[in-house]
Amino acid sequence: MHVKVASVSSVIFFVALLALPQKTAAQDSVEGLIQVERDFAAFCGDNGLPEAWVKFFAPDGLVFQPHPKNAQEVNSTKIPSPKPAASTLYWEPYHGATSIGGDLGFNTGPWRITSNTSNGQPPQYGYFFSVWKKQPSGEWKVLLDLGTTAPAAGPEHVFGAEYDVRKREADNGKSKAESLEEADYLFNVMATNGIKAAYQKMASTNLLSTINGFHPFYNKRSFLSWISSEASPYMKGSAIFSTIDSGTSVSQDLGYSYGSYEIDALMKEKGYFVRIWRRNPQGYWYLAAEILSDNVKSRS
């Protein structure tokens, strides 16, 4: 019986290969999601919004105009887009994450609309929030897309910022919800008695919150400070959140929910929300990111 022994040099090469940093499936999925969002924006600029929405949205993907509608059905009737376009829409993904299993993710970042006519309006600014789901074909497609407007350009509207992968927290503190549905329900119930209390209990310390008419908040501390201030229309307010649907990743570490809301505070407001939920290693779900829009005029 003859046994073939690998050469010493081959063994050394193999050991050295193992020592190199290896990409995880999650890292690959994040990079893929960043790229497809950028491809989406480039395709929109070259071909028009309806064509881009039909190409990049899932068959059941929704836009809010202002109520949720099937993106492909709404936009297929608007093709072909007029050429040249009266305005150009551009956006970049700056924050987001994907599930461990690589089948679900989200992106958010700034958008800008510029007029292409000599007597056009000044640029408009805002933020988008998109939930993506990997299809059976392996392609990423948009499942939900909701946006907000901003009062003026923020620092991110210069564009070109480095992408921030939102980390999953080891311990989010107070949430003890063992399912996304339970977490979403508890948040909705608590908000009826006080918006601030719901966030204090259920939100991540690394909460990313985007509210129509404001620039985003990138942690819970700054968001709670704002919501307690006179600058916030939600100060001392309560809200009725009505979830329409939700879903989770195959790996059960990331999920989403969306629905409508009515806020009764310093000012009354109605609109729609999209939330991203994450489950920590202890098995509890917490609110990681959200967008609330009462005036959906951005990417939709």
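1. Start with the second largest cavity: strand 5 (104-115) and strand 9 each supply at least two residues of its lining. Strands here are DSSP runs (E, at least two residues), helices likewise (H or I, at least four), numbered from the N terminus. A cavity is a set of points on a 1 Å grid over the protein atoms alone where a 1.4 Å probe fits but cannot get out, and lining residues have an atom within 4 Å of a point.

2. A word on the source: this is a predicted model, where local features need pLDDT of at least 70, side-chain atom pairs count only at pLDDT 80 or more, and totals for chains, interfaces and linings use all residues. Residues are numbered from 1 along each chain as its sequence is written, and side-chain values use heavy atoms, with hydrogens and water left out.

3. Back to that second largest cavity, with its volume of about 40 Å³ (the space filled by probe spheres set on the points, which are joined across faces, edges and corners). Its lining includes H95, E156, L208 and T210.

4. The largest cavity holds about 60 Å³ of space. Strand 13 gives the largest share of its lining, three residues. Among the lining residues are F106, R166, Y286 and A288.

5. Now the sheet: five strands form an open one, ordered 9-13-12-11-10, with mixed pairing. Strand 9 (203-211) and strand 10 (238-248) sit at the edges with a single partner strand each, so one side of each has no neighbour in the sheet. Strands count as paired if DSSP finds at least two bridges between them.

6. Strand 10 pairs with strand 11 (residues 254-264) in the antiparallel sense, over ten bridges. In this pair, F241 stands opposite Y261 of strand 11. Helix 5 (residues 180-191) packs on the sheet and touches strand 10, strand 11, strand 12 (268-279) and strand 13 (285-293). Contact means heavy atoms within 4.5 Å.

7. How do helix 6 and helix 7 pack, and how far apart are their axes? Helix 6 (residues 195-202) and helix 7 meet at an angle of about 170 degrees, with axes 10 Å apart. Axes are lines fitted to C-alpha atoms, for helices over the stretch in contact, and angles run from 0 to 180 degrees between N-to-C directions. The two helices are therefore roughly antiparallel (that is, over 145 degrees). Among the residues making the contact are Y199 of helix 6 and F223 of helix 7.

8. Helix 7 (residues 220-227) also lies across strand 9 and strand 13, at about 55 degrees to strand 9.

Technical notes. Angles under 35 degrees count as roughly parallel, over 145 as roughly antiparallel, 65 to 115 as roughly perpendicular and the rest as oblique. On a 1 Å grid over the protein atoms alone, a cavity is a set of points where a 1.4 Å probe fits but cannot get out, and a pocket is an open set with protein on both sides within 12 Å along at least five of seven lines; lining residues have an atom within 4 Å of a point.
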